[in-house]
Each structure stands twice: as C-alpha cells, then as structure tokens.
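Here is a short briefing on one protein model. Look at the sequence and the fold first, then work through the points below.

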Amino acid sequence: MKWFTHKAVAVAGALAAGAHPAALFAVMIGSVLPDMVDTAMARGDKKVWRRIHRQTSHWFGWYLVIIILGFLIPTQRIVLDLLRATHITFPGVSPSALAQVSGIGNDLLVWVGIGGLIHVLLDALTPMRVPLYPFGGSKRFGINLVSTGTWRETIFLFVALGAIALQFDQARAVFEEAVRTIL
Ligand SMILES: [Zn+2]
C-alpha cells in the first residue's frame with residue numbers, strides 16, 4: 001500500500017473514533033512507522049531494502065506491545081514520584097496537575113501503536129502479505145486483495161474511507177438515540 005493510503009485510512013479511523021488532534025498526528029506517524037523503519041535500516045541500499053522490507057518491522061506483535069505499554073506504563077505515578085524525589089516545583093502548577101498532563105504521553109503511545117497495526121493489516125491485503133513471526137521464517141499471512149499502486153488500491157481506499165464514514169454516522173446516530181432516551 002502507498003503511504004497515502006496508510007495515512008488516510010488511519011487518520012480517518014482515528015477521526016471517526018473521536019481522537020484529539022495530537023492523537024491524529026500520533027496515529028499518522030504510526031501508520032507509516034513500519035516503512036520508516038525499513039527505509040532507515042536500508043539507508044538507500046536497494047539490496048538491503050529487498051532483504052529487509054516487510055520483515056521484522058511488519059510483525060503485528062510490536063504494535064500490540066506498543067499499545068499495551070501505552071495502557072500499562074504508569075506515567076502519572078512516575079512523574080509524581082520524580083517530582084517528589086527531585087523536589088522540582090513549577091510556580092502555579094501543582095505536581096498532580098503536571099502528572100495528569102503527562103498522561104497524554106500514554107495516549108499518544110497507544111495511537112502510534114494503533115497506526116502501526118493499521119499499517120500491517122493494510123499490507124496484509126497485498127500479494128506480499130506480512131510475516132507471522134517477528135524474526136525470519138517464511139510463514140506469512142494475509143489475502144491477495146490489492147496490489148500496491150494499482151486502480152484496485154484507489155477503489156480500496158474509497159471503500160475503506162466510505163466504511164469508516166458510515167461507522168461515524170452510525171456512531172453519531174447511536175449517540176443521538178442515547179441522548180434522546182436520557183433526556
Ligand atoms: Zn509497509
């Protein structure tokens with residue numbers, strides 16, 4: 001899949017899920033992260049690229065781990081403990097308020113992980129598919145639905161965005177229904 005497809009699907013999905021602007025940026029970074037890793041590792045060497053592309057960086061497990069870490073890392077407690085231990089204070093800002101703000105880091109980590117997972121799932125829909133195991137091994141999974149850069153990818157993008165928009169409308173309808181019931 002092209003970078004544009006990855007970004008568009010990830011950002012549209014996050015938008016539909018009601019993500020805040022910083023989260024949209026995080027999910028966009030995550031949605032191209034697997035390819036960014038490959039580009040950085042290959043450093044312009046086409047031979048290296050062919051060997052490493054869509055291998056370790058495209059294992060879904062890494063992004064699940066990032067999401068889980070985002071939920072598990074006790075950022076607020078760490079920041080509070082750190083502020084207490086170092087006796088650092090900021091005039092006019094309470095330590096607990098500062099700790100609360102730092103919690104957005106967890107949020108962003110989760111969104112980066114979601115973006116990465118979306119990237120891997122989209123690549124799983126191409127003939128090259130994605131690896132089943134993190135390191136080596138020829139076992140791959142996915143379905144041959146769209147080839148990168150073809151008209152089928154363009155159609156896929158429109159269908160995916162349409163499906164997300166539909167979800168959004170449905171979500172809104174459910175919300176409105178709930179509000180009507182409550183009021
Ligand atoms: Zn990729």
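The axes of helix H2 (residues 21-42) and helix H7 (residues 104-123) come within 6 Å. They cross at roughly 40°, which makes H2 oblique to H7. This is a predicted model: local features need pLDDT of at least 70, side-chain atom pairs count only at pLDDT 80 or more, and totals for chains, interfaces and linings use all residues. Residues are numbered from 1 along each chain as its sequence is written.

**How to read the helix terms**

- Two packed helices are described by the angle and the distance between their axes.
- Axes are lines fitted to C-alpha atoms, for helices over the stretch in contact, and angles run from 0 to 180 degrees between N-to-C directions.
- Angles under 35 degrees count as roughly parallel, over 145 as roughly antiparallel, 65 to 115 as roughly perpendicular and the rest as oblique.
- Helices (H or I, at least four residues) and strands (E, at least two) are DSSP runs, numbered from the N terminus.

**H2 against H7**

- By class, the contact of H2 with H7 has 16 nonpolar, six polar and one charged residues.
- Here Ala, Val, Leu, Ile, Met, Phe, Trp, Tyr, Cys and Pro count as nonpolar, Asp, Glu, Lys and Arg as charged, and the others, Gly among them, as polar.

**H1 against H7**

- Helix H1 (residues 3-16) also meets H7: the axes come within 10 Å and cross at roughly 130°.
- H1 and H7 are therefore oblique to each other, and their crossing is right-handed.
- Thr 5, His 6, Val 9, Ala 10, Gly 13 and Ala 14 in H1 meet Trp 111, Gly 115, Ile 118, His 119 and Leu 122 in H7.
- That contact has six nonpolar, five polar and no charged residues.

- Thr 5 and Ile 155 are 150 residues apart in sequence, but 11 Å apart in space, C-alpha to C-alpha.
- Ile 155 lies in helix H8 (residues 151-182).
- With 11 C-beta neighbours inside 10 Å, Ile 155 counts as exposed (12 or fewer; 20 or more is buried, in between is partly exposed, and C-beta atoms are placed from the backbone).

**Positive phi in two loops**

- Most residues other than glycine have a negative phi.
- Arg 54 has a positive phi of about 60°, and lies in the loop between helix H3 (46-52) and helix H4 (60-72).
- Arg 54 is partly exposed, with 19 other C-beta atoms within 10 Å.
- His 87 has a positive phi of about 55°, in the loop between helix H5 (75-86) and helix H6 (95-102).
- His 87 is exposed, with 6 other C-beta atoms within 10 Å.

**What the UniProt record lists**

- UniProt, in an unreviewed entry, places "transmembrane region" at residues 58-75, 108-130 and 150-168.
- Residues 58-75 are 78% helix and 0% strand, with end C-alpha atoms 27 Å apart.
- Residues 108-130 are 70% helix and 4% strand, with end C-alpha atoms 25 Å apart.
- For "signal peptide", the unreviewed UniProt entry lists residues 1-22.
- UniProt positions are given in the numbering used here, feature names are shortened, and annotations may be inferred rather than shown by experiment.

Notes:
A crossing is left-handed if the near helix is turned anticlockwise from the far one by less than a right angle, and right-handed if clockwise. Two residues are in contact if their C-beta atoms, placed from the backbone, lie within 7 Å.
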